[in-house]
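Have the viewer open as you read.

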Amino acid sequence: MIYAILRRFGQMLFVMFGISVIVFLIFFATPGSDPAARIAGRNASPEVLAAVRHSFGFDQPLYVQYVRMMEKIFVTGDLTSFVNRGWKVVPAVMDSIPVTLSLVFGAAVLWVVVSIIIGIVAAATRDSWLDRLLMALGLLGISMPVYWLGEVMNLITQSRYHDSWLFSWVPPLGYKNFSDDPKGWFLTLVIPWITLAVLYIGIYGRVLRAAIIESLQEDYIRTARAKGLSETRILLRHALRTSLIAFVTLFGLDFGALVGGSALLTEVVFGLHGIGKLTYDALQNLDLPMIMATVMYASMFVVVANAVVDFVYILLDPRLRTS
Amino acid sequence: MILSVRDLRVSFRTEDGLVRAIDGVSFDLAEGEILGVVGESGSGKTVSLLAVMGLITDPNAIIEGSIRYKGRELVGLPARELRRLRGNEIAMIFQDPMTALTPVYTIGWQIAEQIRAHQNISKSKALERVEQLLAEVNFPNPHEAMSRYPHQLSGGMRQRAVIAMALSCNPALLVADEPTTALDVTVQAGILDLVRKLRSTHNSAVVFITHDMGVVSELADRVMVMYAGRVVERGSRSELFSDPQHPYTRALLGSIPPLTGEKPRRLPAIPGSPPSLLRLPQGCAFGPRCPVRYEPCVATKPDLGTATHAAACFRVAQA
């Protein structure tokens, strides 16, 4: 088992190296474009261009350029954005990480807990009115676009009903550091968490219900009944346990993507300056160093999330431990 | 009598109408007795025993008749009461050991789970008992086997684990649904030995479902032959094998290759195929395939009668 984990860890490093090479090649070795001009931004003076050329090693072979770039991102951390006049890229990314992580992590806790409850209740009462109601609500959650839902939430909690007793606790939009103001951190994030989680609660609840109902058809469920176990125990210890594998797969993919910047819409709607927002602004300005850093960061999170999923697989399914 | 089934009928509501899977099955089982239930696929042998176990969960199933376990009526018993019997006093072994165990728990955990569902004992006590049980079903290294997951064991070992699980609460009645079908022949022999040994040590009654006449001839005290949801012949093993009366039983025995003497070039087979349960003939269900049918067989269904060795056939009644 330890060997399996170590091997997975090695694979992870290898994949991240591969991604960094590909991303580098796309930005710096695309034929017919001058990366120095892009990095320096529009209307850059010849002196700035020369400085960029020298600093990024564009007068040297490609592998030296790659090493320079990685050094700037990971070792010295002094990658500078020329478009934004000397803004250091790495600290900017580091500042947005806690914002995105707080948003996505809180939403993930919410959607995992709620969707597991919904999946179990719906599977246990399948084909009843309760099951149909939960599944219809799930579909509704999936159908609501997050930017629309976010704006409606803002409309209700920030303006229309903000002065009523129900929503007077909702602070103005923005992010508060957890270390400075834990209560403020929590309160500002409650509405964004709910908004982001609604979609995933719908998807995960439906997926889990289907997986539980499928595993209830298995032979080992009949064995469990023949053992004289209670229906609750059969559902929770046997059917749910074997259904969690599909659930974890989905979670790894979604969590990685969200932390990597897919929470952009939620971040924009609620004025949270996270990774998604940072990437979006960088794309608007064609800020190449910033794009490079955020893409590297995002792919790193997707890879790490997938590795974590594989570790959880190994915990959930003993069949994967020996191979 | 430990188990007494009277006029059991199981039907399923389907889109094409009511399917009567079991039509008036009656049998008795004494303590320590092994009853072999023989029949081809779809003859209702498994469904009738699932009904005894209360394991027919299909909401479209209708179960009628009477199933008495130690004098207590099981049909219509509340789920909670039934659960107390199941796994505790009545245990079941299933056909395919590959899929009968939950893949994510160890053998020891799964057997201990059953013990703890019925007895108020500590986890460590339960695990001690598991080790004993695994030794009893001839696991070479019972202590190590407890921490094995199902996929780490061979088919024969898994079936032994399933048997150990079934025996964990000393059941008075054991239902074995083709426990050797999915296993190869040498492993089969070991499992049959085990069933025989358990009958003598635990004095459990056993219902052994199979389509293998050879297994029945080795193991069963009494035999019940089923066809299209009805019992067509019953009797002691010696009666049935030396003097088969129903044409279907005869045909089944006739299709076993002889061990001595000249081997036939082709084994005799029963012509035709079993009838669809949706369109059973009005008379004897075996009629269309029967070599000795005559007028009465077409119009009415023959009765089994009450004799210890009996066959549901007009020809037999006539003789």
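## A hairpin and its strands

In chain B, strand 9 and strand 10 form a hairpin with 2 residues between the strands, and B:A228 there takes a positive phi near 50 degrees. Strands and helices here are DSSP runs numbered from the N terminus (strands E, at least two residues; helices H or I, at least four). Strand 9 of chain B and strand 10 (residues 230-236) of chain B run antiparallel and are joined by 6 bridges; two strands pair if DSSP finds at least two bridges between them. B:R222 has B:S236 in strand 10 of chain B as its bridge partner.

Before going on, a word on the source: this is a predicted model, where local features need pLDDT of at least 70 and side-chain atom pairs count only at pLDDT 80 or more, while totals for chains, interfaces and linings use all residues. Residues are numbered from 1 along each chain as its sequence is written, with chains lettered from A and ligands numbered from 1 in the order in which they are written.

## An enclosed strand

How many residues of strand 9 (residues 222-227) of chain B are buried? The count is 6 of the 6, so the strand is largely enclosed by the rest of the structure. Buried means 20 or more other C-beta atoms within 10 Å of the residue's own (exposed is 12 or fewer, partly exposed in between), with C-beta atoms placed from the backbone. In a regular strand, side chains alternate between the two faces of the sheet. On strand 9 of chain B, one side carries B:R222, B:M224 and B:M226 and the other B:V223, B:V225 and B:Y227, all buried.

Strand 3 (residues 34-38) of chain B also pairs with strand 9 of chain B, in the parallel sense over 4 bridges. There, B:V38 is partnered with B:V225.

## Two packed helices

Helix 3 (residues 107-118) of chain B packs against helix 6 (residues 155-167) of chain B at about 20 degrees, with the axes 9 Å apart. Axes are lines fitted to C-alpha atoms, for helices over the stretch in contact, and angles run from 0 to 180 degrees between N-to-C directions. That angle makes helix 3 of chain B roughly parallel to helix 6 of chain B, a term for angles under 35 degrees.

Where do they meet? B:I107, B:Q110, B:I111 and B:Q114 in helix 3 of chain B meet B:A161, B:A164 and B:M165 in helix 6 of chain B; contact means C-beta atoms, placed from the backbone, within 7 Å.

Methods:
Parallel < 35°, antiparallel > 145°, perpendicular 65-115°, else oblique. Contact = placed C-beta atoms within 7 Å.
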